[in-house]
Amino acid sequence: MSALQKPDNKRRSRDEIIEIAIQMFADRGFASVSMRDLAAACDMTPAALYHHFPDKSALYLESVRQALLPKMGGLQQVLEKSVTIEAMVELFVTWFVDLIANDANFRRMLARELLDVDRYRLERISERVLGPPIHQLADLCDRFLPGENPYLIGFSVMSLVLGHYQLDPIRRTLGPIELTSLSQEEITAHIIEMVMHGLSLKKRASF
């Protein structure tokens with residue numbers, strides 16, 4: 001094996017560890033997974049695992065980041081295409097619903113964090129993972145809705161999406177029959193309609 005091949009092997013090994021960690025953290029949560037558990041699942045010694053990651057928190061944060069990273073390119077396209085408030089709302093809601101609906105691991109990891117409320121991990125996740133899309137959405141809101149609180153609008157939009165999927169089991173159990181099998185497209189259209197209705201009311205109130 002040449003010296004040039006070693007870094008590639010190390011990167012592949014690191015990526016494999018992260019993929020296994022994402023699944024384990026999503027299934028069992030941060031507190032219920034030890035570095036020894038992760039090492040066993042990766043078929044390696046704990047010492048070898050610590051060679052890649054200094055502690056469980058570092059591995060967890062990297063797992064959360066890696067779970068979201070592939071989706072960030074889609075957000076960049078949203079930002080580049082948004083020329084009106086209507087376009088921004090439609091594109092962002094569609095992107096965020098797609099992320100939450102189709103990435104079960106990320107959705108479960110996020111839900112666990114919101115329940116555990118570990119301040120250190122939540123701050124790191126907010127800064128490194130969720131911070132960029134929230135700041136970018138706020139920048140767009142500030143551009144299209146000057147004078148409004150852009151972060152409040154951004155959090156409200158994201159809360160609508162998260163709420164639908166976190167309450168999905170209750171909707172399927174207690175909701176009327178037409179709500180038990182809503183498609184992703186129907187949920188997206190409904191949230192867009194709700195956001196645009198709320199924004200139109202604010203515009204009218206300002207006149």
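In which helix is the place of Leu-174?

Analyst: The place of Leu-174 is in helix H10, residues 168-174; helices (H or I, at least four residues) and strands (E, at least two) are DSSP runs, numbered from the N terminus. This is a predicted model, in which local features need pLDDT of at least 70 and side-chain atom pairs count only at pLDDT 80 or more, while totals for chains, interfaces and linings use all residues. Residues are numbered from 1 along each chain as its sequence is written, and side-chain values use heavy atoms, with hydrogens and water left out.

Leu-174 counts as exposed because its relative accessibility is 69%; exposed means over 50% relative accessible area, buried under 20%, and partly exposed in between (1.4 Å probe, protein chains only). Together with Leu-167 and Ile-170, Leu-174 makes a nonpolar surface patch of about 330 Å². Patches are made of residues with over 30% relative accessible area and no salt bridge, nonpolar side chains (Val, Leu, Ile, Met, Phe, Trp, Tyr) being joined within 5 Å and like charges within 9 Å. A salt bridge is a side-chain nitrogen of Lys or Arg within 4 Å of a carboxyl oxygen of Asp or Glu. Accessible areas come from the Shrake-Rupley method with a 1.4 Å probe, and for residues only the protein chains shown count as cover.

As for the chain, it has 11 helices and zero strands. Of its 207 residues, 39% count as buried. The buried residues of H6 include Phe-92, Trp-95 and Phe-96. The accessible surface of the chain comes to about 12,000 Å², and carbon and sulfur atoms hold 57% of that surface.
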